[in-house]
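Please keep the 3D view open as you read.

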Amino acid sequence: MNLHFVRRGTGRPLLLVHGIGGSWRSWNTILDVLAAERDVLAVDLPGHGATPQLAGENSIATLADAVTGFLTQHELLGIDAVGSSMGARLVLELARRGGVLGAVVALDPGGFWQGWQIPFFYHSVDLSVKLVKALQPVMPALAGSALGRTVLLPQFSARPWAVEAQLARDEMHSFAHSPAFAELLDQLAHGPVQQPAPQGSIPAPLVIGWGRQDRVCWPSQSKLALAKFPDARLYWFAHCGHFPQWDQPAEAARLILAVTSRQPFPEASLARAKPAKAAPAWPTVAVAGAALALVAGSLWRRSARRNGRQQDR
């Protein structure tokens with residue numbers, strides 16, 4: 001399988017797998033730090049970035065097959081890997097299959113929703129992406145301002161105003177233009193559930209990282225993730241939403257390098273206590289949507305007035 005990818009650094013290879021709607025640029029906050037010590041390959045999954053969509057079904061299973069084919073093609077089977085969101089679900093699935101990956105870090109994996117969390121996830125993300133698509137004409141300006149990011153990204157970041165402007169622009173463009181997004185979102189919410197990996201079946205280091213303020217994959221879902229992957233250890237990111245590489249990039253990079261280098265990392269951050277309870281996200285999404293509409297409307301009117309003045313000349 002031909003996946004578009006960027007490659008930086010030297011050392012032992014390390015694979016980076018982005019989430020739904022993302023691209024290799026999703027890792028820009030930590031890519032250079034990782035590349036200072038590792039030979040980093042950041043891929044565009046099928047239907048994302050510069051990689052064409054699969055001809056048939058787009059699902060976790062077919063994406064996992066595509067990544068396996070890519071690694072086989074480049075003689076990289078056994079590579080250490082990091083995944084984010086849907087990409088974290090992918091690297092967990094590849095670890096479960098055996099013989100594909102080495103050490104694995106899965107950051108806030110999707111697919112462990114239960115009950116009411118399933119429609120909540122599906123409809124909240126679907127609404128967010130529809131807003132992103134509708135706002136594409138003003139998205140560069142919106143994502144470029146701290147206020148715009150604050151009302152645009154509260155479901156995904158604990159500190160949305162602090163997300164880098166260019167990263168926000170890249171992500172919002174990729175979200176809006178991924179031809180596989182709708183099918184993969186449906187598969188994540190309503191497709192086959194993640195199969196478990198029996199204890200002792202994954203010999204390489206496996207760590208699941210989770211943001212305590214994640215409003216996409218709520219922290220309580222970590223219990224099911226550990227039940228299905230008993231060989232994994234759980235690492236908590238404080239003051240962090242769905243993307244540790246956004247909210248806690250230095251800590252995320254340290255964890256990744258430690259785990260994939262088979263080095264110890266702070267036991268105090270490992271999950272032994274109950275996960276923090278996430279605040280309900282519907283009010284946040286509703287308030288953010290209203291504020292986003294106001295900001296976008298203001299930008300739109302400003303653009304219309306500017307165009308009108310130019311035409312009057």
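Let's begin with a pair of valines: valine 17 stands opposite valine 43, which belongs to strand 3. Keep in mind that this is a predicted model.

| Strand paired with strand 3 | Sense | Bridges |
|---|---|---|
| Strand 1 (residues 5-8) | antiparallel | four |
| Strand 2 (residues 13-17) | parallel | five |

How do the residues of strand 3 point? Asp39, Leu41 and Val43 face one way, while Val40 and Ala42 face the other way, and all are buried. Because five of the five residues of strand 3 (residues 39-43) are buried, the strand is largely enclosed by the rest of the structure. For this step, buried means under 20% relative accessible area.

The largest cavity is lined by 22 residues, and the closest to its centre are Ile20, Ser85, Phe175, His242 and Phe243. Helix 4 (117-134), helix 7 (165-177), helix 8 (181-190) and helix 10 (244-247) are the elements that each give two or more residues to this lining.

What classes of residue make up the lining of the largest cavity? By class there are 13 nonpolar, eight polar and one charged residues.

Terms used. Residues are numbered from 1 along each chain as its sequence is written. This is a predicted model: local features need pLDDT of at least 70, side-chain atom pairs count only at pLDDT 80 or more; totals for chains, interfaces and linings use all residues. Side-chain values use heavy atoms; hydrogens and water are left out. On a 1 Å grid over the protein atoms alone, a cavity is a set of points where a 1.4 Å probe fits but cannot get out, and a pocket is an open set with protein on both sides within 12 Å along at least five of seven lines; lining residues have an atom within 4 Å of a point. Ala, Val, Leu, Ile, Met, Phe, Trp, Tyr, Cys and Pro count as nonpolar, Asp, Glu, Lys and Arg as charged, and the others, Gly among them, as polar. Buried means under 20% relative accessible area, exposed over 50%, partly exposed in between (1.4 Å probe, protein chains only). Two strands pair if DSSP finds at least two bridges between them.
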